Amino acid sequence: MKNLYKEMGISERVFEYGEEILSGLKERFREIDEGAEYHQLKVIDAMRREHVGEACLTGTTGYGYDDIGRDTLERVYAGLFRGEDALVRPQITCGTHAIALALFSNLRPGDELLSIAGKPYDTLDKVIGLREDKGSLAEYGITYAETGLTEEGDFDYEAIREKLNDRTKIVWIQRSKGYASRPSLSAEKIGKAAAFVHGLRPETAVMVDNCYCEFVEREEPLLLGADLIAGSLIKNPGGGLAPIGGYLAGKRELVENAANRLTAPGLGREVGASLEVLRSLYQGLFLAPAVTASALKGAVFAAFLYEGLGVKAFPGAEEERHDIIQSLEFNDPKALIAFCRGIQAASPVDSFVRPSPAPMPGYEHEVIMASGAFISGSSIELSADGPLRPPYSAYFQGGLTFPHAKFGILNSLEYLYREGLIVL
Ligand SMILES: *Cc1c(COP(=O)(O)O)cnc(C)c1O
């Protein structure tokens with residue numbers, strides 16, 4: 001094995017350090033495998049209950065009326081994530097679009113959106129109107145308020161109480177930390193916040209950005225009191241096979257509003273051809289628990305490997321996980337760039353490409369991205385990115401198989417080691 005890794009460009013020093021770290025992770029990996037087993041059974045159960053049949057795997061064209069595969073898949077998602085209803089569509093182009101859909105369809109002029117886990121993900125700045133763009137919520141007269149997390153990483157309940165008012169129509173919770181330096185939130189914490197908000201304002205909908213969190217924990221935000229969740233199919237629930245798409249799941253009325261906004265009032269969920277993607281969406285969902293487990297193992301391995309070398313890891317190597325994101329604080333732009341180049345060079349696709357920092361639509365700073373993926377931009381596949389701003393953190397995620405994640409992580413270390421940016 002050592003020789004094979006050597007042929008693949010991994011020096012003996014890096015390989016041996018990696019093996020030493022891995023030998024201490026057996027129990028942790030066993031727990032992750034048990035989580036995959038749990039979620040695999042849940043997925044099969046949801047598919048059996050809804051009688052997923054061969055006819056569901058072929059799609060429709062044109063208007064897409066009576067698309068049995070699409071409608072069944074939406075019931076599978078609703079059952080799995082414990083919502084009354086779900087919208088799962090290739091016409092939802094990405095995670096940001098799913099979130100924007102949830103917000104635009106359920107807010108009206110004069111309403112207020114309250115984000116209670118600090119500033120949401122960068123790509124939502126222009127959706128909300130924090131940075132100006134055409135058609136933002138702000139342009140429609142929808143205001144925005146925010147409370148941050150406490151130092152302990154929990155919701156600031158006093159601040160939430162103060163900010164909630166007659167106009168607060170949606171309370172927004174981003175479960176994964178995204179590009180922020182704060183902990184990701186457990187479903188349990190989200191459940192408590194939902195109960196608190198509903199206790200004060202029963203009419204306010206609690207919505208959750210669920211990106212990167214599916215199949216990580218056993219609890220489901222909808223079961224614990226959230227009203228709507230939103231996410232991307234080129235992250236966890238697409239299992240690496242979904243070529244496009246986003247989903248919403250939760251209270252029927254909230255999902256129906258979203259369907260009317262996605263297509264048009266009067267058409268709602270009845271239109272929207274699934275074209276040729278249904279088989280991938282079903283098969284991807286079926287594989288998603290195992291793929292998410294591979295990604296989790298990669299995150300844990302990276303955290304232990306780099307923490308051992310003095311790099312700050314969030315979450316810390318020993319900490320409990322609520323999403324698949326691992327951030328590594330390099331405090332050095334050169335190290336961030338070398339890390340991303342190492343990940344890229346370990347990819348099955350575009351391994352010969354050398355990533356460089358560049359401006360990205362929706363992001364405020366230059367971003368460097370490593371993604372040698374079968375599905376363009378898919379971040380359930382091994383990928384890394386980071387905004388070029390202090391503390392120069394790499395956000396590392398994905399890995400369809402653990403052996404690939406392992407190779408990518410070792411290769412990232414190899415790049416840092418060779419450039420003298422890390423001492424082994
Ligand atoms: C990825 C992500 C988004 C946006 O999804 P895109 O598919 O990149 O548009 C939103 N929120 C969080 C927490 C994310 O991780």
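Me: How much area do domain 1 and domain 2 bury between them, and what share of it is on carbon and sulfur atoms?

Reply: In this predicted model, domain 1 and domain 2 bury about 2,600 Å² between them. Of that area, 55% is on carbon and sulfur atoms.

Me: Why is an area used to describe the size of an interface?

Reply: An interface is often sized by the accessible area that is lost when the parts come together. In domain 1, the residues that lose the most area to domain 2 are His 39, His 322 and Tyr 363, which together account for 25% of what that side buries.

Me: Which residues make up domain 1 and domain 2, and how many of them take part in the contact?

Reply: The domain assignment gives 2-40 + 290-418 as domain 1 and 55-285 as domain 2. The contact takes 33 residues from domain 1 and 28 residues from domain 2, while the C-alpha centres of the two domains lie 27 Å apart.

Me: What makes the pair Arg 218 and Glu 34 a salt bridge?

Reply: The rule asks for a side-chain nitrogen of Lys or Arg within 4 Å of a carboxyl oxygen of Asp or Glu. Between Arg 218 and Glu 34 the N to O distance is 3.8 Å, and the pair therefore meets the rule. Between domain 1 and domain 2 the count is two salt bridges. The interface also has eight residue pairs in polar contact, with both residues at pLDDT 80 or more.

Me: Which elements give two or more residues to the side of domain 1 that touches domain 2?

Reply: They are helices H3 (26-49) and H10 (278-307), together with strands E10 (367-371), E11 (383-387) and E12 (393-397). H3 supplies the largest share of that side, four residues. By residue type, the side of domain 1 that touches domain 2 divides into 15 nonpolar, eleven polar and seven charged.

Me: Why is the pair Glu 74 and Arg 89 called a salt bridge?

Reply: The closest N and O atoms of Glu 74 and Arg 89 are 2.7 Å apart; the limit is 4 Å, so the pair qualifies. Glu 74 is in helix H4 (residues 68-81) and Arg 89 in strand E1 (residues 85-89), so that the pair, 15 residues apart, links distant parts of the chain. By this rule the count comes to 26 salt bridges.

Me: How do you know that the radius of gyration of the protein chain agrees with that of a compact globule?

Reply: A compact globule of 424 residues would have a radius of gyration near 22 Å, and the protein chain has 21 Å, so the two agree. The C-alpha trace spans about 65 × 50 × 40 Å along its principal axes. The protein chain has twelve helices and twelve strands.

Me: Which peptide bond involving Pro 315 is cis, and where is Pro 315 placed?

Reply: The cis bond joins Phe 314 and Pro 315, with omega about -10°. Pro 315 is in the loop between strand E8 (312-314) and strand E9 (326-329). The peptide bond from Pro 390 to Pro 391 is also cis, with omega near 5°, and Pro 391 is found in the loop between E11 and E12.

Me: What is the phi of Asp 66, and where does Asp 66 lie?

Reply: Phi of Asp 66 is near 50°, a positive value in a residue other than glycine. Asp 66 lies in the loop between H3 and H4.

Definitions and conventions. Residues are numbered from 1 along each chain as its sequence is written. This is a predicted model: local features need pLDDT of at least 70, side-chain atom pairs count only at pLDDT 80 or more; totals for chains, interfaces and linings use all residues. Side-chain values use heavy atoms; hydrogens and water are left out. Domain bounds come from an automatic or database domain assignment. Contact means heavy atoms within 4.5 Å. Buried area is the accessible area (1.4 Å probe) that two parts lose on being put together, summed over both. A polar contact is a pair of N or O atoms within 3.5 Å; within protein, one must be able to donate a hydrogen and the other to accept it, and residues adjacent in sequence count only if both atoms are side-chain atoms. Ala, Val, Leu, Ile, Met, Phe, Trp, Tyr, Cys and Pro count as nonpolar, Asp, Glu, Lys and Arg as charged, and the others, Gly among them, as polar. The radius of gyration is taken over C-alpha atoms; the globule rule is 2.2 Å times the number of residues to the power 0.38.
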